[in-house]
Amino acid sequence: MATYRIGVLNGDDIGLEIVPVAVRVLKTALARHPEAEVEWVPLPIGYLSFIEHGKSLLPEVLDTLYTLDGWILGPIGHMAYPKDPQCINPHPILRKKYDLVSNIRPAKAYPGVKCINPQTDLIIVRENNEGFQPDRNMYMGTSDCMPTPDMALSLRVVTRRNSSMAARTAFELARQRGGKKKVTAVHKNTVFKLGCGLFMDSCREVAKEYPDIELESCIVDTFAMRMLMNPVQYDVVVTTNMFGDILSDEAAGLVGGLGMAPGLCVGPDYAMAQATHGSAPDIAGKNIANPFAMIESARMLLDWLAHKKQDEAGMAAAKDIADACMRVLMGDKESLTPDLGGTGSTVGMGEAICAQITEE
C-alpha cells in the first residue's frame, strides 16, 4: 500500500472554489483504489492567510510543506495585494525553496472544446527557478535594478544543473508518453551564445542517456511560428524560464485558453500542482469558473507521485480522472462552465466528473 501526504492550499479568489472541486475529484477516484492512501493537509496561504494570520506565507506552513510528498496550490491574486512586507507573492518562494526546477505545462485539445487546432497534444517543460525572473535568479536581492533614473538592467541566470534537470524531466516525459519520442529544445543561441549555449549543451548531454528519444533544437521565434502553424509536429518541448512562460500561454491559446491549461512544478523531492491561469477576481464567488485546469493539475500531481512510488493504484486513479474528464468534456453542455460553451457551474462540472468516475 502506498501512502501520500498532500497539502491543500486554496489560494485566492476562484481558488477557493476550484481547489475544493479538484480535491473532491481526487478523493472520488482514490476511493475506487483504496490501496493508495492519502492524508490531506489543509494549509492557509495568500490574502486570507494575511487577513487571518498577519502573513500571506506563514513560516509554519513552509515547515509543514517539507513533511509532505506534494501539494495543490490554488491561483494567487498577488497583483492586488497591499504593499505590505507581510503580504508577499508565495509563488517564487515555493518554487525555489523546494527546488521545483521543472514546470510541466501540457497543451492538449479535447473533443467538444472549441479550439484553434484540435490535433494539439504537446507538453512544454519550463525551467522554473532561473532565467530573467528577478524574484528567483539570485540568492538574495534581485537582478532587476536601476543604477540611474534612466537605465534599467536585467540579468538572466542559466546553470548547467537546472538546465539538465529540466531536460531530464522532458526526456522522461517523452519516454512515458511513448508517442513521437521526441524532445524539442527551444533556445536563442544565435544571440545568447553563452546562456542559451550552456542550456543547449546541457540538453545534449542529457540526451545521451536517452538513445531512444530524438533531440531536436529550434530557435524560439521560429518555434513560436511553427507551433501555431503545425503543433502536431511537437511532442515534448524544453526551454528556459521566460521563453517557457510565454510559449506555454501561446500553446494554451491553441486548445481553448488558460482554463484548459494545467501545470505541475516538480523537483527531486517535491511536486506542486498549480494551474497556469490566474485567480480571476472578476468571476470569483459566481460558481462559474472552469475547474478543469485545476483538476488536471491535481491529477498530474497524483500521477507523478504514483510513478515516483511505483504505485499502480495511484496511477489507475489518475487514469480514471483523465478518462472521466474526457467524457464530460465530450458530453452534455449542461455539465460545462460558460467559458466552454456550457450552462453549468464550477461545482456542477466537478460533480459530473465524479459521477463519471463512479460509473466506470
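Does Phe 243, at 16% relative accessibility, count as buried or exposed, and what is the reason? In this predicted model, Phe 243 counts as buried, because 16% falls under the 20% cut-off. The residue sits in helix H8, which covers residues 241-254. Leaving out residues up to four places away in sequence, Phe 243 touches Arg 156, Val 186, His 187, Lys 188, Cys 196 and Val 220.

Setting aside residues up to four places away in sequence, Cys 87 touches Tyr 47, Phe 50, Ser 56, Tyr 81 and Pro 82. Val 328 is another story: from Cys 87 to Val 328 there are 241 residues in sequence and 38 Å in space, C-alpha to C-alpha.

Two packed helices are described by the angle between their axes and the distance between the axes. For helix H10 (residues 312-330) and helix H11 (residues 346-359), the angle is about 120° and the axes are 8 Å apart. That angle is why H10 counts as oblique to H11. The crossing of these two helices, H10 and H11, is right-handed. On the H10 side, the residues that meet H11 are Asp 320, Ile 321, Ala 324, Cys 325, Arg 327, Val 328 and Leu 329. Their partners in H11 are Met 349, Ala 352, Ile 353, Gln 356 and Ile 357.

H11 also packs with helix H1 (residues 15-31), here at an angle of about 10° and with the axes 9 Å apart. H1 and H11 are therefore roughly parallel to each other. Among the H1 residues that make this contact are Glu 17, Val 21, Arg 24 and Thr 28, while H11 brings residues including Thr 346, Gly 350, Glu 351 and Cys 354.

Two of those residues, Arg 24 and Glu 351, have side chains that meet in a salt bridge, at 3.7 Å from N to O. This pair links distant parts of the chain, with Arg 24 in H1 and Glu 351 in H11, 327 residues apart. Arg 24 is partly exposed because its relative accessible area is 42%, and Glu 351 is partly exposed at 40%.

The count of salt bridges comes to 18. One of them joins the side chains of Arg 5 and Glu 39, at 2.9 Å from N to O. Here too, distant parts of the chain are linked: Arg 5 lies in strand S1 (residues 2-9) and Glu 39 in strand S2 (residues 36-42), 34 residues apart. Arg 5 counts as partly exposed at 26% relative accessibility, and so does Glu 39 at 41%. There is also a network of salt bridges, which links Lys 108, Asp 121, Arg 177 and Asp 235.

Glu 296 and Arg 299 both lie in H9, three residues apart, or about one turn of the helix, and their side chains meet in a salt bridge at 2.9 Å, N to O. Glu 296 counts as buried at 7% relative accessibility, and Arg 299 is buried at 13%. Asp 303 is found in H9 as well, in the stretch of residues 292-309. Asp 303 is buried yet has no salt bridge, and the nearest side chain of opposite charge, Arg 299, is 4.6 Å away. Leaving aside neighbours within four places in sequence, Asp 303 is in contact with Met 315 and Ala 318.

Terms used
Residues numbered from 1 in each chain as written. Predicted model: local features only at pLDDT ≥ 70, side-chain atom pairs only at ≥ 80, totals over all residues. Heavy atoms only, no water. Helix = DSSP H or I, 4+ residues; strand = E, 2+ residues; numbered from the N terminus. Buried < 20%, exposed > 50% of the residue type's maximum accessible area, 1.4 Å probe, protein only. Lys, Arg positive; Asp, Glu negative; His and termini not counted. Salt bridge = Lys/Arg side-chain N within 4 Å of Asp/Glu carboxyl O. Contact = heavy atoms within 4.5 Å. Axes fitted to C-alpha atoms, helices over the stretch in contact; angles between N-to-C directions. Parallel < 35°, antiparallel > 145°, perpendicular 65-115°, else oblique. Left-handed = near helix turned anticlockwise from the far one by under 90°.
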